[in-house]
Amino acid sequence: MTTQPLTRDWRLPAAFAALAVALFALFTIHAHWGAFLQWCLATQITLHRYLVMYLLQLNNHQYSGGLWLLTGAFFYGVLHAIGPGHGKFIVTTYLSTNKESEMAARVVPVLGSLMQGVSAILFVFILAVGFNLAAGDLSESRWYVEKVSAVMIGGFGAYVAWRAINDLRLRTLNIHSLAPLHQHSDRCGCGHHGVGAATQGDWKTRLGVILAIGARPCSGAIMILLFSNALGIVTWGIAAVMTMAAGTALSIMGLSLAVRYARNSTATFFGGNAGQLSKVVPLLKIAGGVALILFAVVLFLTVIPVSANGDYIAAGC
């Protein structure tokens, strides 16, 4: 008679330990979060003043200011992405509740951030240049744009929740016969190698993430474009804004890869029971969609046309 040695399952105690460490880290961050945000804001203001100074140098034909302008714009974008913002919330919510490939986790946030720069360029050159609007009118227009972007974020959240609810619905199948269309192989190209293969995000959902991120232009980019347009060096303003968007894209891409790694590690840690995951994953997607809707409601209700210090453009970003 032989006995099998008993093995202890350490997954649950390890999960509680990881949760305790995460809660301690969150409390620590929360205690210093206000000071951190103040530092980020002060640093962004300082960088913004330097960007204006570099534009003035370019206007005086000091072309060395162009290199400093692009360098400062890149770090401005990186620093801007560290603070709270709608793009990070959308990416985090989407990737934590949806299985995505590593390529999509890289490309989607990059395209969304670049689109945010493009939307700022279109905003300025359609309204400020095309319609010759004053600062107050631009502020009111930005207010409407941010309202519309909040509605788009809420619509994307509703779409995600609706797709997840459809996944939960039971479908009755009447199978009369089975006849394979062809033999699967590594080169057949159909993408169905094995029963119950994990599905990933479709292009419609990814496009929704990109539009939800990029529809809301950054106020810092708008101010740089307005100032460069007033000086007559529009090309440098556009280059600075897109460099700023590249810095933001780099930070958000790092966040998206970290969120994807954490999601996949958690799923692997607790095992890959397909029966349980098929029920839990749609519920997580519904929770993510509801979180996006609530976030959109907060954005919609908190957008103000004029900031506290009287700045008509930088009332929100």
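This is a predicted model: local features need pLDDT of at least 70, side-chain atom pairs count only at pLDDT 80 or more; totals for chains, interfaces and linings use all residues.
View 1. Followed along the sequence, the pattern reads α-α-α-α-α-α-α-α-α. Of the 317 residues, 34% count as buried. Take contacts between residues at least 6 apart in sequence: 83% of them join residues at least 24 apart.

**View 2. Helix 7 covers residues 219–231.** Its 13 residues reach 19 Å from the first C-alpha to the last, close to the 18 Å expected at 1.5 Å a residue. Have a look at the buried residues here: Ser219, Gly220, Ala221, Ile222, Ile224, Leu225 and Ser228. As a reminder, an α-helix has 3.6 residues a turn, so residues three or four places apart point the same way.

**View 3. Glycine 232 follows helix 7.** The phi of this glycine is positive, near 85 degrees.

**View 4. Helix 4 (residues 102–130) crosses helix 7.** The two axes come within 9 Å and cross at roughly 45 degrees. The crossing is right-handed.

**View 5. Here are the residues where helix 4 and helix 7 meet.** Helix 4 brings Ala120, Ile121, Phe123, Val124, Phe125, Ala128 and Val129. From helix 7 come Ala221, Ile222, Leu225, Leu226 and Asn229. By class, this contact has 11 nonpolar residues, 1 polar residue and no charged ones. Ala221, Ile222 and Leu225 are also among the buried residues of helix 7.

Definitions and conventions
Residues are numbered from 1 along each chain as its sequence is written. Side-chain values use heavy atoms; hydrogens and water are left out. Helices (H or I, at least four residues) and strands (E, at least two) are DSSP runs, numbered from the N terminus. The expected span of a helix is 1.5 Å times one less than its number of residues. Buried means under 20% relative accessible area, exposed over 50%, partly exposed in between (1.4 Å probe, protein chains only). Axes are lines fitted to C-alpha atoms, for helices over the stretch in contact, and angles run from 0 to 180 degrees between N-to-C directions. A crossing is left-handed if the near helix is turned anticlockwise from the far one by less than a right angle, and right-handed if clockwise. Contact means heavy atoms within 4.5 Å. Ala, Val, Leu, Ile, Met, Phe, Trp, Tyr, Cys and Pro count as nonpolar, Asp, Glu, Lys and Arg as charged, and the others, Gly among them, as polar.
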